[in-house]
Amino acid sequence: MSRLVGAVAALASATIMLSACTAAPGDSGGDGQKDKVFLNLSYSGNNWQDEAANLAMAIAEAPENAEKYDVTKQISGTDVQKQISDLQSMIASGAKLIVSYPISPTALKQVVQEGCDRGVTFVFYDSTVNAECAYNVAFITGALADDPERAFFGAQTAQALVDLLGGEGKIFLNRGVAGTSTDAVHFDTAMAVFNKHPGIEIVAEFYGSWDSSQSQQETAKALAAHPDVEGVWSQDGEAGVLKALEAAGLEIPVTGENSNYFRQRLSEGWPGVSSGSPPAQAGIAMKVGLHILEHGADGIPKNIEVPLPWITTETAKPCEGADFVDGCNFFPGEADTFVTEVFQVDLLPEASLDAAKTGTGITEVQDLPKMTDFAQAEWRRIYTRDACDEGWAEGTVTENQIPAGLPGCVQP
């Protein structure tokens with residue numbers, strides 16, 4: 001794979017002809033043409049990707065941005081070579097900004113670096129890319145807002161499931177899209193917890209691909225072989241997991257992500273924890289990218305970490321309106337698979353339910369907050385960059401992390 005990626009990137013280097021000149025931030029070149037901005041998705045077709053893309057487009061096409069930028073949305077699918085080819089075409093067309101959900105943290109590295117060398121700004125959301133020049137906006141290493149030492153969706157939801165089961169029980173693991181950094185970090189950090197508890201027995205592991213229907217099918221298959229399962233650790237797709245369990249007459253602890261149906265069932269007493277990936281990340285990524293085009297990169301960390309949502313059986317609460325107010329956190333009138341975390345009050349205060357559903361409706365983009373407040377902790381950098389910062393080295397972190405003992409970056 002690495003040889004093939006290298007060959008494709010080398011071919012692109014020989015064929016892409018671009019100007020060596022780079023316009024100053026906010027400068028469209030003086031010819032009256034709008035700067036080209038691309039929103040590039042890898043996989044698509046579920047509510048999370050639709051809502052994320054809609055929020056990014058709503059930011060990009062707000063009136064103040066529509067005057068300056070020509071924005072194109074493109075879906076590459078799950079073939080990494082197709083995404084590489086699409087990125088090459090965007091670079092060749094004169095892109096100034098590419099905001100993207102990457103299918104691989106490593107395979108895109110060379111083409112991204114190539115684009116950066118030609119003046120393109122890359123901002124990736126949710127999943128990440130290792131290229132040094134890329135900006136990553138991701139929650140995958142994020143910590144709870146009220147307890148910053150409790151980091152990682154995988155680790156925290158695994159620990160929550162262990163606690164709900166009293167440290168013993170047979171469980172299923174419902175993973176995401178294979179090959180993405182998001183799935184890998186979730187799984188690795190979850191296993192760091194499960195491996196500490198010999199009473200936890202993983203009897204089935206499958207890929208629901210962050211899709212409710214596929215997750216329901218895979219859970220039903222696993223139930224046929226293991227009807228005595230006692231808990232499920234799930235990434236996105238947990239609405240389908242619950243429906244499979246309901247069909248089998250089981251109400252057992254589930255930890256999953258942020259579907260409307262899951263939070264509704266939690267509010268009705270289902271044991272579990274709703275956490276996981278906010279679609280708001282894509283809107284944040286677009287906002288960050290456009291800020292860089294307009295004002296430059298000063299004060300913008302390369303590694304932006306979004307806090308980890310956390311809703312339990314006790315805190316799940318329906319919203320009467322179209323916003324998170326008075327502690328509410330899901331929308332009874334929306335589809336079961338609608339992903340509720342479309343708001344981020346600090347980084348994306350202009351978000352709305354309508355913008356997440358339609359890709360329109362944001363009339364004014366608000367200024368970014370102090371972005372260094374959202375910089376990823378250095379010890380977690382290895383999970384999104386596959387490397388530590390200068391002055392740091394890979395080791396076992398013993399302080400400021402839960403669970404203890406995960407690999408990370410330490411200062412010698």
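Me: By class, how many residues in the lining of the largest cavity are nonpolar, polar and charged?
Reply: The model is a predicted one. Its largest cavity has a volume of about 70 Å³. The lining is made up of Tyr43, Trp48, Tyr101, Asp126, Thr182, Trp210, Asp236, Glu257 and Ser277. By class, these divide into 4 nonpolar, 2 polar and 3 charged residues.

Me: Which element gives the largest share of the lining of the second largest cavity?
Reply: The second largest cavity holds about 40 Å³ of space, and its lining includes Asn303, Ile304 and Glu305. The largest share, 3 residues, comes from β13.

Me: How many nonpolar, polar and charged residues are in the lining of the largest pocket?
Reply: About 570 Å³ of space lies in the largest pocket. It is lined by 23 residues, and those nearest its centre are Pro309, Glu341, Phe343, Gln344 and Val345. The classes are 16 nonpolar, 2 polar and 5 charged.

Me: Which residues is Ile98 in contact with, leaving aside its neighbours within four places in sequence?
Reply: Ile98 is one of the residues with the most contacts inside the largest nonpolar core, which has 107 residues. Contact here means heavy atoms within 4.5 Å. With those sequence neighbours left aside, the partners of Ile98 are Phe38, Asn40, Leu87, Met90, Ile91, Val120, Thr121, Phe122 and Val123.

Conventions: Residues numbered from 1 in each chain as written. Predicted model: local features only at pLDDT ≥ 70, side-chain atom pairs only at ≥ 80, totals over all residues. Heavy atoms only, no water. 1 Å grid on protein atoms, 1.4 Å probe; cavity = no way out; pocket = protein on both sides within 12 Å on 5 of 7 lines; lining within 4 Å. Points joined across faces, edges and corners; volume = space filled by probe spheres on them. Nonpolar A, V, L, I, M, F, W, Y, C, P; charged D, E, K, R; others polar. Core = buried A, V, L, I, M, F, W, Y, C linked by side-chain atoms within 4.5 Å. Buried < 20%, exposed > 50% of the residue type's maximum accessible area, 1.4 Å probe, protein only. Helix = DSSP H or I, 4+ residues; strand = E, 2+ residues; numbered from the N terminus.
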